[in-house]
Amino acid sequence: MTTHTALDLAAAVADQLADPHTAHLGPAISHRQHLAYGLPGIALLHIERAAAGLGPWQRAHDWLATASREPFTSGPDSHAFYGAPAFAHALACAAGHLPGAYQRALDTLDHQMVTDVNLRLDAAHRRIDAELLPAIAEFDAIRGLTGYGAYLLRRNPDTTVLRAVLDYCARLTQPVTYDGELMPGWWTATGPSGRPDGRFPGGHANNGTAHGIGGVLALLALAARHGTLVSGHAEALRRILGWLDRWRADTGRGTTWPYWIIRSELSTGRLAPSAPRRPSWCYGTTGLARAQQLAALALGDTGRQVDAENALVAALTDPDQLKATTDNGLCHGFAGLAHIAARAADDAHPSTVGRLRAAIPPLLAVVHPPGTDPARAAAMLIRDEARGPGLLDGAAGIALAVLAPSTATPPQSAWDACLLIA
C-alpha cells in the first residue's frame with residue numbers, strides 16, 4: 001500500500017491548478033490582484049515548484065500572464081499584498097531564476113513602488129511630527145510600510161528607499177505620550193481591524209507579525225542580517241524585544257505572547273486572563289518567536305535565541321495551543337506552523353534544532369493524514385468556497401508551506417519573503 005505524503009498533496013494541488021483557464025477559482029477571481037487570495041499567490045506555487053525542479057516553468061508563465069492581462073492598481077489604493085506591488089513580488093520570485101526575464105516590467109513596477117513608498121513615508125513622518133497615533137495600515141506587513149520593506153529588502157538591500165523605510169521603523173519604536181500616558185510608538189486608537197471598536201476603548205498595541213510590531217521586528221532583524229543598518233537600528237530591535245519581554249506569559253509548558261495589549265492592561269501592567277490562542281504566523285507565538293529568533297541572531301544574543309526557539313517548540317507541541325488551531329492554511333493553520341518550524345530550524349541553535357525538526361512530522365500529518373488520497377484532498381481544498389485556492393488561507397498556500405518542511409530544503413524562490421519569515 002502506498003503512503004501518500006504532504007508532498008503528494010502539494011503536487012496534486014499544483015496539477016489541479018496547472019491551467020489558469022480551467023482551474024476552479026470560485027470567488028477568488030474577484031480578488032485577481034490580491035497576493036493573499038488571487039492570481040499572484042497561485043503563481044507563487046508554480047514559481048517555487050519550477051525553481052525547485054518539481055514542475056514546469058510554463059505553468060508559472062501562464063499564471064503570471066493571466067494575472068497581468070488587466071492593469072494593476074498602484075498608488076494609495078495598492079499595498080504590498082494588493083495591486084502592482086503584489087504582482088511585483090511574484091514576478092521578482094520568477095525573475096530570480098530566469099535571468100533577463102520580466103526585467104522591463106519589474107523596472108516599471110519598482111519605479112512606481114519607490115514613488116508610492118516615498119509618499120507613504122512623507123505622510124508617516126508628518127503624522128509623527130504632529131504627535132498623532134498611527135493607523136495599523138501605516139506600518140503593518142500586509143498594507144503598510146513594513147510590507148513594502150520586505151519587498152525592497154528582497155530586491156535590493158542597499159537601496160536608499162529601503163534605508164528610509166528602516167529609518168521610519170526605528171522612529172516608530174520611539175515611545176510617545178498620548179492622553180497623559182507613555183505608550184509605544186505603534187499604539188493605535190482603533191481595534192485590530194483598523195476601525196473604531198468598542199471592545200478596545202483607548203485603542204491597543206498590536207503584537208502580530210501580520211498587523212503589528214512583530215512584523216517591524218522581523219524586518220529590522222532581517223535587514224540587519226543582510227548588513228543593511230540605519231541609525232538606531234540595534235536600539236529599535238532592543239526596544240521591541242523589551243516590550244515583548246514585558247508582556248510574555250508562562251503557560252507551564254512554555255512562553256507565549258498576547259495578540260495585543262489594550263489600554264487597561266497598559267495602565268495596570270498586567271495581562272487580562274484569556275484562553276489559549278492559536279499560535280499562528282499572523283497573530284500568535286510562532287510568528288513572534290520566529291521574529292525574536294531572527295532579532296537575536298542579528299544581535300548575536302545566543303541566550304535570547306534559545307529562549308525564542310524553546311517558545312516556538314512549546315507552541316508547536318502544546319495541546320492547548322494546537323487545539324485552538326482549526327484549519328490547515330498558511331496564515332493561521334497547521335501548514336503555516338510546519339513552514340515556520342522548518343525555517344526556524346534552518347537557523348536554530350544545536351540545543352533546539354532537533355526538537356524543532358521533530359515537531360514537524362505531526363504537523364504535516366494533520367495537514368495530510370496518512371491514507372488520504374492526495375487528488376481528492378487537493379480538490380476539496382481548492383473547492384472550499386470559504387478559503388479557495390489562494391495563498392494565505394487556501395490550497396496554493398498549503399501546497400507551498402509543506403514543501404520546505406517535507407524536504408528539509410529552504411524555498412528556492414524566496415516566495416515567503418512577503419511573510420518576513422526569512
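Colleague: In which helix does R343 lie?
Modeller: This is a predicted model, where local features need pLDDT of at least 70, side-chain atom pairs count only at pLDDT 80 or more, and totals for chains, interfaces and linings use all residues. Residues are numbered from 1 along each chain as its sequence is written, and side-chain values use heavy atoms, leaving out hydrogens and water. Helices here are DSSP runs of H or I with at least four residues, strands are runs of E with at least two, and both are numbered from the N terminus. R343 falls within residues 334-347, which form helix α15.

Colleague: Thanks! Is R343 buried or exposed?
Modeller: Buried means under 20% relative accessible area, exposed means over 50%, and partly exposed is in between, using a 1.4 Å probe and protein chains only. R343 has a relative accessible area of 11%, so R343 is buried.

Colleague: Which residues does R343 touch, not counting those up to four places away in sequence?
Modeller: A contact means heavy atoms within 4.5 Å. By that criterion, the residues touched by R343 are R290, P410, P411, D416, I421 and A422.

Colleague: Let's zoom out: what is the radius of gyration of the chain?
Modeller: The radius is taken over C-alpha atoms, and the globule rule is 2.2 Å times the number of residues to the power 0.38. For 422 residues that rule puts a compact globule near 22 Å, and the chain agrees with its value of 20 Å.

Colleague: What share of the 422 residues counts as buried?
Modeller: For context, the chain has 19 helices and six strands, and its C-alpha atoms fill a box of roughly 65 × 50 × 40 Å along the principal axes. Among contacts with a separation of 6 or more, residues 24 or more positions apart account for 69%. The buried share of the residues is 57%.

Colleague: Now the rings: how are the planes of F72 and F87 arranged?
Modeller: Rings of Phe, Tyr and Trp (its six-membered ring) pair if their centres lie within 6.5 Å, with planes under 30 degrees apart counted as stacked, over 60 as edge-to-face and the rest as tilted. The structure holds seven aromatic pairs. F72 and F87 form one with 4.5 Å centre to centre and 15° between the planes, which makes the pair stacked.

Colleague: How many residues apart in sequence are the parts that this pair ties together?
Modeller: Both F72 and F87 are buried. F72 sits in the loop between α3 (57-67) and α4 (84-95), while F87 belongs to helix α4, so the parts tied together are apart in sequence by 15 residues.

Colleague: Which residues do ring pairs link into a cluster?
Modeller: Y259 and W260 make an edge-to-face pair, 5.7 Å centre to centre with 80° between the planes. Y259 is buried at 10% relative accessibility, and W260 is buried at 19%. The cluster linked by ring pairs consists of F200, Y259, W260 and Y283.

Colleague: Which residues are in contact with L91, leaving aside neighbours within four places?
Modeller: L91 is in helix α4, and its 2% relative accessibility makes L91 buried. The contacts of L91 are L64, Y102, A105, L106 and L109.

Colleague: One backbone check: what is phi of D179?
Modeller: D179 is in the loop between β1 (176-178) and β2 (181-183) and is exposed, with a relative accessible area of 59%. Although D179 is not a glycine, its phi is positive, near 55°.

Colleague: And what is phi of E131?
Modeller: E131 is in the loop between α5 (103-129) and α6 (136-139), and at 69% relative accessibility E131 is exposed. E131 is not a glycine, yet its phi is positive, at about 60°.
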